[in-house]
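Dear colleague,

Please find below the structure I am handing over to you. My notes on what was found in it follow directly after.

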Amino acid sequence: MKSTALSLSVLAALALGSASAQTTVKIATLSPLSGGQSDLGTQIRNGAQLAVNEYRAEFQRLGMNLQLVAYDDQADPATGTAQARKIAADRSILAVVGTLNSGVAIPSSQALVSSRVAMVSPANTANQVTDRGLSNMNRIVARDDAQGPAGANFLADNLKAKRVYLLNDKTAYGEGLAKEVEKALRAKGVQVVGNEGTEEKSDFSSIIAKIRLQRPDAIYFGGIYNQVGVFIKQLREAGITTPVMGGDGLDSAELATIAGKGATNIYFTTVAAPIDALPAAKTFAANFQKTFNDQAQGFAAFGYDAAKVVLQGILAAYKANGNKVPSRQQVETAIRKGTFTGLLSGTVSFNSVGDRKSATLYVMNVQNGKYSLSARLPVRPARQ
Amino acid sequence: MTAVHPVSPRRVTPDRTGLLLLIFLLTSALLLLSHNREWLGTLGGVGALLRNPIVEAVVVSLFLANILFAYLWRAAPWAKALVGLGSLLLVLPWAGQEDTSLLDLSIQIMIFAALALGLNIVVGLAGLLDLGYVAFFAVGAYLWGIFASPRLAEILRYYGENPGATNAGTLALGLFLTAVTAASMVAINRHHQRVPPTRASSWGFGLASFGLVAGLILSARALLVLNAFRAEGLANGIDPNFFWLFLALSVLAAAIVGVLIGLPVLRLKGDYLAIITLGLGEVIRVLANNLDLYSAGSQGITPIGSASVGWFDALAARLGFAEDQYGLLFLYVLSLLMVGIILVVNVRLDRSRIGRAWIAIRDDEVAAQAMGVPLVRTKLIAFATGASFAGVMGMIFAAKQTFVSPESFNLFQSIGVLSMVILGGMGSFPGVILGAAVVTLLNLRILPGLGEATANLSWIPQQANPGQLQRLIFGVILVAMMLLRPEGLLPSRRRTLELHHEGDQEDDSAKGTGPSLTGGGGDVYSPGLETRQEDEPAGGTR
Amino acid sequence: MDLATLLPFLVNVIAGGLVLGFVYAIIALGYTMVYGVLQLINFAHSEVFVTGAVVGFEVFRVLTPSPMNGYLKLLIALLAAMVISGLLNVTIERLAYRPLRNAPRLVPLITAIGVSLILQDVLRLIEGFQGRFDLTYTLPDGFSGKFCGAESSCAAVGSTLARLGLDLQLKDVILIVVALLSLAVLNYLVNRTRLGKAIRAVAQDRVTAGLMGIDSNRMISATFLIGGALGGISGVLFGMKFGTVNAYSGFDPGIIAFTAAVLGGIGSIPGAVLGGLALGVIQNLIGVTNIFGGLLGIANLEAIDASYQRIGAFIVLVLILIFKPTGLLGKSNVEKV
């Protein structure tokens with residue numbers, strides 16, 4: 001069986017090799033496709049695939065055969081680095097969409113920087129991802145120190161919280177975000193009555209008991225929807241109706257499903273525009289459902305946007321290169337210098353280290369399982 | 001043993017020098033060809049075939065198999081040396097020049113080979129199931145990570161701002177405490193060798209070790225506070241020339257942690273030990289995740305420096321390597337060297353008194369004790385030795401990744417290393433190295449290659465793409481290999497010999513390692529009726 | 001903070017720990033029974049448990065529109081999960097462990113890990129084809145409500161509990177009842193039937209049991225069937241209590257449950273139950289240590305928060321095993337030479 005699979009793929013490779021007189025141009029995704037985070041990583045891959053499908057015809061016209069190659073980093077830094085070096089060795093790959101975890105993004109981008117392969121991250125919010133100043137590392141999501149203070153401001157100004165309980169998931173994402181929220185809250189004179197992390201995914205009874213004891217006005221949970229959703233469900237079942245806020249890790253329709261009847265009084269910040277606000281978002285969601293028989297979550301939208309940035313970057317580099325297939329370095333420059341439109345998260349252009357020059361953070365509100373836009377907060381990184 | 005019991009009439013294997021050289025040349029040519037873009041471009045269809053990720057992975061695997069052939073086959077020694085050295089020192093770096101992923105892969109294989117060799121001492125030789133082995137790897141990685149990165153300056157700055165009551169007197173006190181307690185521990189130990197330990201002397205030993213830890217903490221704290229003013233000068237960590245010192249320190253630190261973890265738990269047996277080590281492995285990871293000041297918590301430490309050796313860089317430049325490849329090449333050569341040293345240490349230990357003591361403990365603890373093998377000390381040495389290999393490789397890992405974070409040291413890694421040891425053949429040095437190579441190749445090359453090659457085939461449904469079923473395929477291979485070759489890919493010679501001399505040797509069936517005395521013939525119900533209790537001799541019937 | 005607020009807090013923390021502990025206990029039984037007969041850490045048990053949870057999810061999902069009584073739905077879910085998980089466990093033993101009866105002890109451990117990896121991805125695939133990853137239970141009405149709420153017939157009991165500060169949901173009570181029933185049945189099965197006697201005989205000494213005419217392979221299969229069925233029950237209870245599972249959720253509770261089995265004395269059935277309950281409570285108490293640290297003004301204790309829950313369990317295990325090397329209820333074997 002193995003040998004038939006092998007010979008089939010060999011045949012396929014031969015067919016591909018001989019059929020196209022066009023130059024093959026690839027972009028890669030690097031995200032966890034197996035293991036506990038495979039759901040999120042697959043969303044990123046599928047989002048990018050949708051963007052590639054959209055642009056394939058245009059590339060075809062220009063004599064480029066566009067392909068997407070998905071790499072599995074298994075959410076492990078060493079595996080991610082090994083895959084990144086494989087990506088570096090395949091010269092037809094011009095840029096990478098990835099990764100999900102900043103723990104993987106940091107060493108991977110380091111491994112890619114010498115071969116000038118640009119990375120556009122759909123998910124990494126940790127400050128040091130771009131603070132290292134690599135020429136190839138960009139991201140479309142807001143930094144922790146942009147998203148955190150935005151969340152803190154919303155807690156203090158809109159929700160009028162005086163006492164806030166902070167939680168995080170003990171990952172680079174959740175903990176980094178919660179730390180920035182804490183800093184901003186303290187600066188505003190809001191009392192932080194509790195601040196802890198938990199890797200627990202199912203049982204939150206001791207934390208909920210503490211929350212009941214401390215009676216905060218609001219809870220901020222830096223984490224991903226499949227953990228926070230379970231927490232909220234148990235919180236509401238324990239009869240606590242305190243508002244819960246989070247970052248873009250909560251941007252998912254699954255959140256309401258998981259939290260069930262408890263899906264109320266939830267807020268989160270995200271760069272992806274709500275589906276009702278943007279016609280493109282509606283088309284995207286429908287296409288995603290049709291292509292993958294799966295509902296598009298936030299990470300799919302971010303993956304789609306990151307891939308679109310990459311593809312528009314390649315097209316721009318193609319033009320700048322006198323209508324010839326561009327080099328990696330040209331693509332890297334085009335991505336860092338260009339302005340990209342038609343995205344679900346608005347217009348993107350990067351500053352000198354690869355952060356978005358400006359972005360709109362949408363604060364979404366979930367009431368009785370329904371998502372609605374609660375506020376728009378423009379954010380700009382300190383560096384331009 | 002070989003001398004005493006010549007095994008079954010030696011099968012006459014043909015001399016394969018010619019074949020070996022032929023395969024070496026062929027696979028080397030294929031490897032170089034398949035990683036050279038220009039050459040591939042001129043080859044048309046063949047080039048496209050070689051570029052296929054699966055074919056590429058197979059080529060890499062075949063090339064590495066050279067070294068295995070050189071080890072296994074009967075061939076002229078010069079040919080073996082040529083193939084071994086030529087593959088590792090010439091062809092691989094050469095191909096790595098075009099494709100650094102080969103170097104990364106090789107370093108990763110060697111890191112795991114060293115880890116597997118270390119765990120092999122603990123599990124394969126001494127028979128102690130350790131499921132938290134990766135903790136020692138973490139110790140080495142974090143030791144170098146903290147000192148060779150901006151973290152050090154952060155820590156110093158913190159202690160500069162919060163000196164507490166610490167001053168030069170604290171340092172003196174700490175050093176004094178350390179010296180006194182260490183001396184008394186040595187004294188008690190000497191005493192124990194003459195007279196059996198009493199309750200009071202054991203408690204004294206425990207108290208002294210507690211004092212030792214306290215003394216070390218006090219001294220370290222005082223040193224940090226007193227050196228706080230250096231923070232500005234150490235903004236990017238210590239001088240990279242300390243790399244060599246830290247290679248030694250990482251060995252030491254991991255061995256100390258090994259002893260510290262081992263001391264309380266090595267009295268436990270079998271699977272009690274397994275779950276405790278698993279737990280302590282988790283403790284180390286969670287501490288790394290929680291002690292923000294030292295380990296930067298979940299954010300991880302970056303950038304981590306590496307050694308820069310002038311003459312090596314010059315040599316690499318002369319050989320045509322690009323500047324950004326020097327570091328990787330250096331680590332490649334270094335890890336090769338380390339695996340070599342570790343292998344030699346292993347072989348020497350195996351043939352030494354301590355090696356025989358380990359095997360005696362593994363085979364029958366009670367008998368070993370009766371023969372005068374000090375159980376806890378022998379086990380502690382096994383733990384510390386195994387740990388030290390992991391420590392030094394952890395340091396190389398940190399330098400290679402330029403980044404460490406707790407997610408690299410989870411339970412899966414420990415289990416992965418264990419599977420390498422068992423898959424290769426417990427107790428067999430070439431076996432566990434092969435196991436490490438096979439598992440790493442599968443995980444980093446062959447299975448991703450399969451995923452890559454099938455990524456754009458429309459007849460495979462999205463959800464079932466092999467690219468995201470790597471773990472499933474790996475699981476199938478793991479189960480299949482174990483069912484087909486339960487003794488491992490390259491079982492240890494000693495063990496094979498033991499199995500061939502069942503009649504006059506100690507029966508192994510209590511561990512299920514061989515055809516048992518009780519279960520072999522007369523049993524009707526199942527071939528596996530022998531007792532398997534750790535502490536019971538075979539069948540419990542004699 | 002005074003005693004009046006702190007007492008209900010503590011009561012709730014311990015109660016939550018006990019409910020969690022019952023789930024651990026039932027999972028731990030699956031580990032400990034298999035260990036008893038084969039001396040094998042059945043790493044695949046966590047996936048057998050998740051399979052039960054997935055089956056439970058599917059039953060509740062399919063039965064959501066039906067007007068059937070909620071308890072009947074639960075019964076169907078439990079039975080389906082027991083059958084499927086039990087058969088799965090038997091199949092795993094048949095295919096992956098039995099051919100290795102004579103191999104070194106660690107070899108089946110590796111196949112167990114392999115099987116665990118396979119099952120995780122297979123479960124993900126099965127649900128993935130229907131566009132699902134995180135499976136959220138749709139429970140019958142009322143299960144998530146307060147136990148003996150104000151308008152129910154047993155409101156008096158509810159108000160008594162409320163006075164104690166105990167905040168229980170109906171599903172917590174159901175969970176405890178189901179767990180206790182399973183324990184009672186298991187106890188009967190193991191200690192009062194011929195099958196149980198045979199299983200105990202095989203666990204004690206396979207050779208002698210063979211000489212007495214006991215087919216050890218059948219007994220091992222029976223053990224895996226019972227262990228798998230318990231895994232199925234615990235999966236449904238876990239899904240019902242915590243609401244959401246996915247193909248990979250088994251790993252963490254699996255490790256903790258195995259720790260519980262070791263804590264109680266591996267191979268001992270009452271030990272597994274005791275260990276599970278103890279770990280559940282200990283974990284929750286460690287999770288709230290910082291509150292007491294704050295009250296007592298001890299800064300170091302204040303740092304012990306929920307992130308230390310898991311390793312706290314391990315440290316307790318180390319401490320207990322140092323003083324009692326065979327666990328709380330484990331028999332200490334006298335070494336025979």
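In β14(A), Tyr371(A) is the bridge partner of Val366(A). This pair belongs to a region of a predicted model in which strand β13 (residues 359–367) and strand β14 (residues 370–379) of chain A run antiparallel and are joined by nine bridges. The two strands form a hairpin, with two residues between β13(A) and β14(A). In the turn, Asn368(A) has a positive phi of about 50 degrees.

**The open sheet**

Chain A contains an open sheet of five strands, paired in parallel, in the order β2-β1-β3-β4-β5. At its edges are β2 (64–72) and β5 (137–139) of chain A, each of which pairs on one side only. From one strand to the next, the twist averages 25 degrees. Strand β4 (residues 118–121) of chain A runs parallel to β5(A), and three bridges join them. Within that pairing, Ser121(A) has Arg139(A) of β5(A) as its bridge partner.

**Domains of chain A**

The domain assignment divides chain A into domain 1 (2–142 + 278–350) and domain 2 (144–270 + 361–379). Taken over C-alpha atoms, the centres of domain 1 and domain 2 of chain A are separated by 30 Å. Where the domains of chain A meet, twelve residues of domain 1 are in contact with 17 residues of domain 2. The side of domain 1 of chain A that touches domain 2 has four nonpolar, eight polar and no charged residues.

**Where chain A meets chain B**

Between the chains, 45 residues of chain A are in contact with 42 residues of chain B. On the side of chain A, α1 (2–19), α2 (38–61), β2, α3 (77–89), α4 (102–113) and α7 (172–187) each supply at least two residues. The largest share, ten residues, comes from α3(A). By class, this side of chain A has 20 nonpolar, 17 polar and eight charged residues.

**Two helices of chain B**

In chain B, the axes of helix α5 (residues 77–98) and helix α6 (residues 100–125) come within 5 Å and cross at roughly 130 degrees. That angle makes α5(B) oblique to α6(B). The contact involves Leu92(B), Ala95(B) and Gly96(B) of α5(B), together with Thr100(B), Leu102(B), Leu103(B) and Ser106(B) of α6(B). Four of these residues are nonpolar, three are polar and none is charged.

**Backbone details in the loops**

Gly98(A) and Thr99(A) are joined by a cis peptide bond with omega of about 5 degrees, and Thr99(A) is found in the loop between β3 (93–98) and α4 of chain A. In chain B, a cis peptide bond with omega of about -10 degrees joins Thr302(B) and Pro303(B). Pro303(B) lies in the loop between α13 (292–295) and α14 (310–318) of chain B. Lys160(A), although not a glycine, has a positive phi of about 55 degrees; Lys160(A) lies in the loop between α6 (144–158) and β6 (163–168) of chain A.

Yours sincerely

Terms used: Residues are numbered from 1 along each chain as its sequence is written. Chains are lettered from A and ligands numbered from 1 in the order in which they are written. This is a predicted model: local features need pLDDT of at least 70, side-chain atom pairs count only at pLDDT 80 or more; totals for chains, interfaces and linings use all residues. Two strands pair if DSSP finds at least two bridges between them. Helices (H or I, at least four residues) and strands (E, at least two) are DSSP runs, numbered from the N terminus. Axes are lines fitted to C-alpha atoms, for helices over the stretch in contact, and angles run from 0 to 180 degrees between N-to-C directions. Angles under 35 degrees count as roughly parallel, over 145 as roughly antiparallel, 65 to 115 as roughly perpendicular and the rest as oblique. Two residues are in contact if their C-beta atoms, placed from the backbone, lie within 7 Å. Ala, Val, Leu, Ile, Met, Phe, Trp, Tyr, Cys and Pro count as nonpolar, Asp, Glu, Lys and Arg as charged, and the others, Gly among them, as polar. Domain bounds come from an automatic or database domain assignment.
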